[in-house]
Every structure is written in C-alpha cells, then in structure tokens.
Amino acid sequence: MVSPILELKDINKSFGHVQANKNINLKINKGTIHGIIGENGAGKSTLMSIVYGLYQADSGSISISGKEIKLRSPRDSIESGIGMVHQHFMLVENFTVLENIVLGFEGEFVFGQKLKKAKEDLKNLCDTYKLNIDLDSVISDLSVGFRQRVEILKSLYRGAEIFILDEPTGVLTPQEVDELFKILRSLKEEGKTIVLITHKLNEIMDLTSEVSVMRQGEVVGHTKTTDTDKEKLAEMMVGRSVLLRLNKSEAKLGDVMFKVKNLSVKDDLDVTRVKNVNFEIRSGEILGLAGVTGNGQTELLEALSGIRKVESGEIYLNDEKISDKDNLLDPRELKEKGLAHVPEDRQRMGLVTDFKAYENLIFGYHDQEPYSKSSILRDGDILSFSRKVMEEYDVRPISPQLITSNFSGGNQQKIILSRELNENPKILLVGQPTRGVDIGAIEFIHQRLIDMRDKGAAILLVSVELDEVLSLSDRILVMFDGNIVGERVNKDVTDRDLGLLMAGVA
Amino acid sequence: MEILPDIASLINSTLRISTPLIFAAMAGLFAERSGVIDFGLEGKMLAAAFVAAVGSYYFGSPWLGLILAIIACVSLSMLHGFASVTHKGDQVVSCVAINILMIGLTTALAAAWFGQAGLTPTLTDEQRFLEITLPFTDVLRDVPVVGIIYSDILSGHYIFVYLAYLCVPIVFWIVFKTSFGLRLRAVGENPSAVDTAGINVFTMRYKALMINGVLIAFAGAHLSTAVNANFFREMSAGRGYLALAALIFGKWHPKTALIACLLFGFTDALQIRLQGVELPAIGTIPVQLIQAIPYVLTVVLLAGFVGKAIAPNAIGQPYVKER
C-alpha cells in the first residue's frame, strides 16, 4: 500500500482554554483533491496553519509520504513541498508579482542572474498552467482573482506538491471561481495534491474526490465524495439535520415603501462610490443587491441608513422625502420612522463587543420604556426581556450577562437581528447577514427575514454571497463600480448571468 | 561678483550641517522600513555624541570613540527592539523612554566623571576628526567655476560629511537592489507575507535595528568629535526629530529623504548666514525669527505641502503570529 502524501496523527492544539484541534487524524492521498469542510471555528484553519508550520501543535505528528517530519516554521513546510494559499492573501501590495514570488527565495544577495532565471521559470509555469499573469504588475493593481493566482504561482515556484487552499472562493465572482477550479483541476492532472478548506457544500461536491468533516475541533467524518450528498455533509457539519432549501412562498407585493432617486455617495477619500442609483422597494418584497465587495454597496447602505452624507439625489420613505444633499436624517430619526439597519460589519458597527449581551440587545432603544424610566435603566425588565428574545431568536447560550465577544459570529448576528426585528420595522436594510455565520444559524436567519417579508416589511438585502441573494430575494439588482448594472426578477435568472453582471462584463 | 564666495560658503555649510541629518534619516529609514517606528533617533544621537567624546578623550583616538559610539547605539537599538519587537510594547513609548533617559544619563555621567554638568573635556587635535583637504585643492583654486566647486565647496570637510553622501547611494542600493532590501521592505509592509515565506520577522527587524544603530552613531560622533571638540548638554538639539521629519516627507525613500535633509541643512545654513546681516529694504531680521525657519519649514511641509506621505503599511504594529 502506498503511504498517503500527507498524514496527520493525533494532532492537538489549544489557544488558552480553547481547544482548537482535538486528536486530529487525517490521511490525504497523492494526486487527489481533498476537501475539509466545517463551520466557522471548527478548527480547519488552525489545523492547516499547523501543517504549514505557522503554529506548532501541542502534540501529535505529521508525515509526508510516510516519513515523519518536524515543522517548526513555514520554511520547513515549504521545503517539504507544502504550499498554502491563505484566506487573506500573503502578498505585499506595493511589490510586483515577481518581487512577491521570489521573496525569501531570492538565491542571491544582489539581484542579477538568479532573478532573470526566476522570471523565465515563472513565465514557463504561467504558460503550463495558463495563469496569464504579468510578472511586472504591482499587486495593488490586480483583481482579487489574479492575486489568488499569484499565490498559487508562488507555491508552484517554491516547488509545492501539496497545495492547501483556505476558503479560496469567498472573495471571488462566479467566473473567477470557474477559473480557479480549472487551475486546480490542471494542478491535479499534473499529479499535485490539493487540500481545499471550505464551508461551501457546492464546492466540495464539484471538485473533491474525498472529504473530511470537522466539527468543534474534531474530525467527525471522512468519506468519498461520491458516497455522500450535500444534506448528509451539512448534517455532519452541524450535528443535526439542516434544511438547505428555504420555505418561501410567492411574494405578496404591496405599495412602494422605499424609494431612492438619482443617489450619489462619496467615500471617506472623496471618491464617488455610488453613482446616480435609482430603485424602489415594495412592502412584502426582498430586494437583493448583489455585487463583488467594494463596488459601492457599503457606501450605499451607509447613506440609506443615515450614517453617510448624500452627495446628490433623494431618498423617500413612504413618499416622504427623508434625505437629500442638504438634509440627512440621523439613524435615530430613521428608526422612529420605522427603518431598521443590520450593518455589514457587525463587530464594528452593529455591536459594542465588550458590552454584555443584554446591553447590546436594547441598544438604540435603551431610553424607551420599558427599558428605562426617567433616564434610569431598569435592569430587571431588561434582563427578563433579553432572556425572552434570546430564546425566541435561538441565541446560544441564553446568558444575557455574558460579554458579547464571547458569543460566536452567528449568535452575535442573531443578537443584532433580534434587536432590529423586534420593533417590527417597516423597512429593513440588511448587510451581509450571514457573513462568517454557520450553516445552522444561516438557516434560522434566512427564515426570519422571509417571515419579516411575509409580515409586509420592505427589505433590502446586500450580500456578496450570491447563493444568499438568489435564495432570499424576489428581485435582484447588481451593482458594479457604483452603478446598478442590471435588474432581474429572481425566477428567471441564473448565477452565470448574475456573475457576468457582477464582473461588469454584461 | 562678490556674491559668488557667499554662495559657495552657503553650499559648503549646507553640506556640513546636513550630515548628521542624513545619517539619522538613513538610520531611521532602516528601522521604519522594517516596520519599527524610530522616534528615538534623537536620544541615540545624543548617546553617540557623548560616548564618542568620552571614548576619544580616554583612548586618545577618535576612531575608538566612534567604535564605542556604535556599540552604544546598537545596544540602544537592541533595547528598543527587545521592548517593541520581542515584547510587542508600544514603539513610541519605548523611543520616548530612550530619548528622556539619554538626556538625563549623558548630563549626569558627564557631571560624575568630569565634574562639569553636561560637558566633557575639550579634545585635542589627535583626539578628534579633522577637516580633510582634498588633493590638488591649491592647484585648482584659481581655475574658474571648477575651482570654486572643488576647493571651496567639496574640499575641507570632516570625514563624516563624505561618508554621509557616500552612504545614501549605498542605502539605496541595499534597499532596492538586494534580497535583504526586498525582505526589509516586505517586513514593514506585510510581515505575515514574510513569515509565510519562511523568513523570521523578528530577526529581520533586529537586523534592521542593528544597521540603524551603526548609522546613528556616525551622526553623534560627527557632532562631538568632528564639528565640535567636546560633548555638551543636549547637543543633538532636535536633529533626530528633524531627520525623522525629513524621512517622512522624503516618503521613506533614500533619495527624497536626502533632498529633504539638504533642504533643512540649507535653511539652517541660511539662518546662520542671515544673522545680523542687514538686508536691503527689510533691515535686520530678529535672530529668533531666523532661527525658527527650519522648524516653520518642517510644519509647512508636513502639513501637506509635499502630498500625502504613505508610511510602510505595518509600521508601529508589533508582529503577532498566533491569535
């Protein structure tokens, strides 16, 4: 029997009191694409950082092709033929592609012959794998998809045989994902081994031949991809059965509740990020706003929720003009008019993470009855209220006194949602409601948003997760470079169609 | 044509006055390009000046003084590294500590050793660096243009002046043409990228700080064993801060930092030249006003005159590997 190219035995790793990896055993066979799937915080990234030598395991051993190796630093891993494409790219933004790739492997003190040779070798690698990268371009000028390719090229150049990719598709458009998968398949054809870390079931089914499932720091299952399906994998990940399809009835559209007319918005650097945007949302409708990160969605959402100045244009709520260039209602006034906002960046804008859960649960409403009377907070009432909503919104654990940062991402998000939804807003602006949230919690959050819609709320959903936009929205707008470049009714749209719009091609 | 010698002497002083600024700016460049703020140039320059003067006095050789100054400054840089790189302390606080400590320590030690608060004994000619007269100075003096440039501007400086101008292209070459420079720049921009490339981030920052210590020692030795023949209290007189300002609006680049240093040197030379001089139509400008020129210039330039200076991305952030 051939020994697996990478074998992990009894790996343990703790950070303080948190055990991130418990007795991990894993075998990865040469020339395969092996998926590692698990929810956020399941310990996937920690495990792979150990394999890449960034962290040292507390105990356990790692073997490559049957030979046990000690990985004390990334250098050891690189020399053992392991390459890693991190979730956040490890590139120096103001360096060229070439400089980034040779960094640490220059081979000479004064640049000269070796650099020339490296350039030739890299050109050949680019041709072999059809990477199409200009070695002299500066990283900051490259799109995210190309930056990722640079990372792959970097590993290739360093002679990697095993490629670890940590959540590689999170920041890509569907077209870029297609391109990436093509590259990964061609790597596999050349006999390379690929470890794909992801929480997206589609990718596992598409690409891998074997899959290992992690939950709470342990490997809870290992199977051939052909022997399983998405439902089974999801169940293993979460530890209970999960509904992957949403219960969603046809939207019952009411009157126009929210209208945006010729809206332009600038960012902090005075660059116009939202350009003359028009749309309206009806009661009982979820309007999805799709787009790659950084195409103006953030600024649009901020302007609509009253935290960013409007450059030109108008915003109407129930036919009443609420904001224009000279006049901007602040979030408090908007709240009083029935507008709620779940911000994109929950840690920075949605919560005070150092506060206790019950404090965050009433923030913004804290000066109203029954939470306070004559400017004095009524802790007893707040706590009983908090316990009630935490139960209703399935926030775990139900401990209103716990510091908010100790809740998982999904539960933090539920805290915000329960606060914003509890007042039954007429208009709900939601940004990235499930970013960094586990599958189980996603299901819950999505169902809540649909319930809100069915109660007659007008909802604007801004998300970079195309699946999310597709499964929730009744109508979809695509934003590219500050413009709305397309509008589709959800029934007759494909993700390919949307992907092209998101890339600004169609 | 009486103005020509005036201009020549002005340029000559500019070159001399800029020298400690250039060493300090280049020293700062290494530290800051590696991601470590160096606010402590001032304190280290002061320490170097003191140690060089004392060393030269005791051992009778300015070279030994210089070597001791280098040892002292590298030690201080290592201390800064120990606090802010290894122990991830606040880099500015560590620098301020060095600066304050050095002002007090040099004054106190001078008092203890030589009985004069903040003064070291005057060095003899053997104990200090002397002005170097370049060959053929006398022969070329009467040749028009060349004579003035060679004999009146280029010749007759202390060795540090020549070293400073030699140092800038070397720094440029190291930072932009060698693998060490590539790693240095990378570690100040994105230390994680350096770490994942298998290079030790801490070692890189310590190496940068070591070079930083050597270079700043030259600045201090220049002050106390070349242009002056002793150390006196707070003799660095803000040059460390001025060099840092030059580095910042030189955008952390050796060439532009050099230009900034020269600009400061020039305004300083100008203010010395203008003191007590009666200008046509204006009259005598008060000394205080003239002395303020370099500082006013700093404020004006820093206030955005040269555009936005983009610092190395990771500057001031200790590198933390594990979460």
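**Briefing: chains A and B**

Chain B has 14 helices and two strands, where helices (H or I, at least four residues) and strands (E, at least two) are DSSP runs numbered from the N terminus. The model is predicted: local features need pLDDT of at least 70, side-chain atom pairs count only at pLDDT 80 or more, and totals for chains, interfaces and linings use all residues. Residues are numbered from 1 along each chain as its sequence is written, while chains are lettered from A and ligands numbered from 1 in the order in which they are written.

**Chain B**

- Chain B has 323 residues and a radius of gyration of 20 Å, which agrees with the value near 20 Å for a compact globule (taken over C-alpha atoms; the rule is 2.2 Å times the number of residues to the power 0.38).
- Along the principal axes, its C-alpha atoms fill a box of roughly 70 × 50 × 40 Å.
- Of the 323 residues of chain B, 47% are buried (20 or more other C-beta atoms within 10 Å of the residue's own, with C-beta atoms placed from the backbone).

**Domains of chain A**

- An automatic or database domain assignment divides chain A into domain 1 (6-238) and domain 2 (256-502).
- The centres of the two domains of chain A, taken over C-alpha atoms, are 34 Å apart.
- Ten residues from domain 1 of chain A and 14 residues from domain 2 of chain A make up the contact between them (C-beta atoms, placed from the backbone, within 7 Å).
- On the side of domain 1 of chain A that touches domain 2 of chain A, α6 (174-189) and α8 (230-238) each supply at least two residues.
- The largest share of that side, three residues, comes from α8(A).

Terms used:
Two residues are in contact if their C-beta atoms, placed from the backbone, lie within 7 Å. A residue is buried if 20 or more other C-beta atoms lie within 10 Å of its own, exposed if 12 or fewer, and partly exposed in between; C-beta atoms are placed from the backbone.
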